[in-house]
Amino acid sequence: MIKLPSSFQLTFSNWTSSDPAEQAVLDDGKEQLRAGYEAIIENDPDSKDRAFYDTKNGFLQSQQWIRTYTDKNLTVIGKLPVFDPEVTLSKDKAAASLSYCTDESKASTKDRKTGEVKGNPAGTDPEVLYVISMGKNDQGVWQAVSAHSERGGCAK
């Protein structure tokens with residue numbers, strides 16, 4: 001399991017399923033998200049941990065997201081709850097869609113040089129819906145193929 005510093009806490013609510021195939025998607029999806037934030041915190045867009053949980057195309061997309069922080073010399077601090085996970089498996093269980101919500105209201109960015117901390121801009125919905133398309137690799141690891149996010153997309 002990927003460890004994050006105590007300065008940034010990802011919390012996962014109801015991240016369980018009675019279906020073992022769905023649970024495998026949830027488990028790898030959780031580590032994929034942890035690996036992304038680990039890459040931001042460690043200032044490493046080429047993170048090997050993140051690459052493990054992404055397909056080649058998924059990793060290129062991940063790097064772009066990670067660089068939105070690292071290119072500005074930012075890290076993340078605070079708490080980020082991750083909730084309402086939903087898994088949809090293909091009939092052959094070779095592909096899956098994982099959606100979940102995050103609440104950024106207690107998470108902030110911190111400038112690595114100045115120490116300046118910024119939260120979400122006023123009037124910005126702190127809840128973000130993520131939809132991750134996933135595929136299972138030859139080792140049985142669920143990897144992100146692509147990701148889409150929609151600020152304010154979580155059901156209230």
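Predicted model: local features only at pLDDT ≥ 70, side-chain atom pairs only at ≥ 80, totals over all residues.
A polar contact is a pair of N or O atoms within 3.5 Å.

Begin with the whole chain in view. The protein has three helices and seven strands, and along the sequence these follow the pattern β-α-α-α-β-β-β-β-β-β. The C-alpha trace spans about 50 × 35 × 25 Å along its principal axes. For 156 residues, a compact globule would have a radius of gyration near 15 Å, and the protein agrees with its 15 Å. Buried residues account for 42% of the 156. Of the contacts between residues at least 6 apart in sequence, 64% join residues at least 24 apart.

Next, select residues 20–41, helix H1. Its 22 residues reach 31 Å from the first C-alpha to the last, close to the 32 Å expected. The helix is mostly covered, with 17 of its 22 residues buried. At its start, display Asp19: a side-chain oxygen of this residue comes to within 2.7 Å of the backbone nitrogen of Ala21. Just after H1, Asn43 adopts a positive phi of about 60 degrees.

Now turn to the aromatic side chains, among which there are seven pairs. Select Tyr100 and Tyr130: their ring centres lie 5.5 Å apart and their planes meet at 25 degrees, so the pair is stacked, planes under 30 degrees apart being counted as such. This pair links distant parts of the chain, since Tyr100 belongs to strand E3 (residues 95–103) and Tyr130 to strand E6 (residues 127–136), 30 residues apart. Both Tyr100 and Tyr130 are buried.

Finally, select Phe8, Tyr37, Trp65 and Tyr69, which form one aromatic cluster.

Note on methods:
Residues numbered from 1 in each chain as written. Heavy atoms only, no water. Phe/Tyr/Trp six-rings, centres within 6.5 Å; stacked < 30°, edge-to-face > 60°. Helix = DSSP H or I, 4+ residues; strand = E, 2+ residues; numbered from the N terminus. Buried < 20%, exposed > 50% of the residue type's maximum accessible area, 1.4 Å probe, protein only. Expected span 1.5 Å × (residues − 1). Polar contact = N/O pair within 3.5 Å; in protein donor to acceptor, adjacent residues only side chain to side chain. Rg over C-alpha atoms; globule rule 2.2 N^0.38 Å. Contact = heavy atoms within 4.5 Å.
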